[in-house]
Structures are given as C-alpha cells and as structure tokens.
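Work through the two exercises below with the structure in view, and try each task before you read its solution.

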Amino acid sequence: MAKLQGFEFWRKTLKEARYVVAPMVDQSELAWRLLSRRHGAQLCYTPMLHAQVFVRDANYRRENLYNEVCEEDRPLITQFCANDPEVFLQAALLAQDYCDAIDLNLGCPQMIAKRGHYGVFLQDEWDLLEKMVSLANEKLKVPITCKIRVFKEVEKTVRYAQMLEKAGCQLLTVHGRTKDQKGAMTGIASWEHIKAVRQVVNIPVFANGNIQHLSDVERCIQETGVQGVMSAEGNLHNPALFEGHSPPVWEMAEEYLEVVKRYPPCTLSYVRAHLFKLWHHTLQIHQDLREELAKVKTLEGLADVSKQLRLRCQEEIAKGKDSEDKESGLPFPHWICQPYVRPVPKETVTNGNSQASVLKKTVCQKRALEDCDGSADTLSKNKQKKRSRNPKKNFCPEQKPKYIKCEQCGNPKGNKCVFSLCRGCCKKKAYKEVADCPSHGLRFKTKAEKRKAEEKEQAERSTTEVERSDRIPQPLQDSRRELEEPRPLL
C-alpha cells in the first residue's frame, strides 16, 4: 500500500487528531499516554529517544519502545533526536513497525541537547536537516514529521518550515518559542509565528505553547488555523485537560497508579515525577510528605504517600478551608488539577524584542566565586552537604593536590603504576606486553605463567599415565578394564 502523505495521513492514520500529548523525556511513557487517552487525548508521542543509542543498544530499544506496544496506544508517533542522516534512518527503520510515524526533534533547547548537538541547536544547519528528512522520507514506509521552535523573525521561521516541507516532512509541529525561551526566560509563545507558518505550508500543522485549559486549545485553533494543538506541561498537571475538566488530584493519581500496575514495567522515577507534578500545589503546603515522596523506593510506597495526601486534603475540605487557597493566588483549591504558572520575569519576553542579555543579568545572576577559606556562606548547597559529611574537606582549588598526567592521554596517572600511565592506557600496554601492574591490579604476566604451569603439569600427568600403562602386562590391563566396566543389574 502506498505511503499516506500530508492531510491524507492526518485524516486517515491520525484520524484528524486535534488534541495531542507532546513528546516528553521520561514523562510520556505508555502508562501516562494511556491515562491521557482515557481523558480526551487523540494522539500521543513517545518520549524523545536518542537515535544513536537506539541503534546500538537492544535493551534501550526494548525498554523504550518494543515493550510498550499496546493496541490501545494508537495512533502513536515515535520521536528521535539525531544529527546524522544515516543513524537517524537506521533508528527509524528499527522503530517504524511499532508506530504510525517517525518524528525528528528539532525543538529541544536544553543544555544536554547543546552538548549532544541535536534538537533546536540544529535549526541553522538547513542542508543537514534537508538531507535527514529527505532520506527518511525516501526510505521509510511511514511518514516523517518534525517538531521545531521558531526564530525571532517570522519570515525566517516561514522559510524554515517551507524547507522542511520541501524535504519531505508530512506534518509539522511548531512550538511558538525561540531557542532562548526556556526556564525562567520561558515567557509567552508566539501564535503569530505559528499562524504565519500555517498560512504558507500545504501540510498539517500542530501548535504548541500557552496551553493550560481546553479554552486555550479552542482559541489557538481559531486564531492560528492549525489542525491540532499539542500540550506538554498543561497535560502533566492535568491529564483531563482535553476533556475540559479539572478533577481532584487524587482521582488522577490513583487512576494513573492503577494503569502503571496494569501495564508494567514502568520505571519508578517516572511514576515519582508524575506524582510530583500532579500534587505540585499540595506539596508546597505539606512539606513533610514532599520529603517522604522523594525517599520511598517502591510503587506501594508512592501509592501510600499519595493516599496520605488525599486524606489530608479531604480533612481540609471537611474543615471548610477552600477559601484559604484564594489567598495563595491559585484559581482553584490546591487539591484540584490545575496548571503551574512560572513566575514572570521582570520584563516580558517576546519573540520580536527579547531582552535576553538584560534579563540574564537580573534573573539568572551567577553565584560569586567561592573564597579559598571555603566558608559556608560562599559554598554551593552541594558542597555544603559534602562539608557536613566531611568537615575537613577542602574546596580551595589552589590547595588541591596536583596530579601528574598520563604520558599518553593526559588523564591523572597511577601513583605507583609501573608504566607511569593511567589505568586505561596501562591496561592496554600490560595486555600487549604480557606484564603485571600491581598498582592497577593487572596480572596478565602472572596469569600467563600460571596457565603455562597448568598446561605443563597436565602434559606431564598424561605422559606419566601413558608410561605406566605401557609397563602393565596385557592380561592385567584386560582384567582392570573388566573391573572398570559397569556390571548390569540383575
């Protein structure tokens, strides 16, 4: 059957999905996707998967995709981060039988994406992106889609989207924030950019950004003309967002835990993170249970903490404390599912006139350099913890011991290494020369000599047995053989 493209793919395969759960690292796993689908989500993405690791590691493939195959979890799009066309294609070929489309992540703005050179940090390398998308579109039997962030300039964003469409992208998700809009600098997403893209491309477009309630979804579709709207943080704080419903937190938490038990395995850290998001506003009040939620090591322990939070909320309801939450600035009582709104920076960040350099100085000032005396006032929290465990620990870089570097790689060498190398280089040299290095616990020479001694001893033993058998007369050898043969049972 021919591969569906563009609007035909959106209508037939994705069933005209309008309500979409975003790809979220360690958060959009199978159990959460199923919970979201129960409450109005029509399309889900897998968490972002690393293409190179997916190709190399069978366990990674099994744990992150193959083990999560479920009939209820369709339509489903698998998202990869990659910066090499061949590696991206290999990963997509391994995944295409388990999903309805492959998505290329071009929107992740985090530091790990910058170090790995993927996500939004590829948005200026149009030749590479064109090659990646066109190769995948040519070789895959499922459509290729992309998720991008916008440039400050609307015109450049439009040209960017047109380039991806021309390369073979069949559906485009546009997050209306720039590369720099993250963390404290998140600000407001620009629907104007999304609208401009939608007006010029001939493929379906999903919008992402500023979605906290169902009313935001409908307003976004009306203002931008997109085919669907994607939610990430809004969905994490209220999985029933697409139903237009704000249920008590414990209802969503208990239903999620029930899905986790029904569809194992689910990593405990994922479950813990979801409960922290759901109970976010309540945990600001009940700090003791926040600590408990962070410490428990089992699924049953997490469920027990969630139950304790429910009981405390129900006690507050019985005492009529609903009105107290209005003083906290929340639109609903803290035990109701509702979005978390980040504190607004001193100056509003917009795509057209971002004052990033000024805001970084006012909002994201760096800590002053630590003094050599290492006083508690100047140490970071992490170093203060280390100091509490070891009062004699010294953090002054000038007083730290200077290590002699390995002659080959520059890493610190072993103090007593016979080759004056680090352990890695020493191991290679000792293996090649069949030598020992007691400092690094390497015994290649000793083991080789032991093996030779054992072989020599075995050879001498076999020679002695042959000589002994030659000295025994033939009749005695025959009688000994008869004695050694097993006798039949009577």
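**Exercise 1.** Find which residues Leu 4 touches, not counting residues up to four places away in sequence, and decide whether Leu 4 is buried or exposed.

*Solution.* Leu 4 touches Phe 9, Lys 12, Thr 13 and Pro 143, when residues up to four places away in sequence are not counted; contact here means heavy atoms within 4.5 Å. This is a predicted model, in which local features need pLDDT of at least 70, side-chain atom pairs count only at pLDDT 80 or more, and totals for chains, interfaces and linings use all residues. Residues are numbered from 1 along each chain as its sequence is written, and side-chain values use heavy atoms, with hydrogens and water left out.

Next, locate Leu 4 in the segment before helix 1 (6-12), where helices are DSSP runs of H or I with at least four residues. Pro 143 is 139 residues away along the chain, yet the C-alpha atoms of Leu 4 and Pro 143 are separated by 7.1 Å. Finally, the relative accessible area of Leu 4 is 18%, so Leu 4 is buried (under 20%, whereas exposed means over 50% and partly exposed lies in between, with a 1.4 Å probe and protein chains only).

**Exercise 2.** Determine which residues Ile 102 touches, again not counting residues up to four places away in sequence.

*Solution.* Begin with the partners of Ile 102, which include Ile 77, Thr 78, Phe 80, Phe 88, Leu 140 and Val 142. Then continue to Pro 143, Ile 144 and Thr 145, which are also among the residues that Ile 102 touches.

Methods
Helix = DSSP H or I, 4+ residues; strand = E, 2+ residues; numbered from the N terminus.
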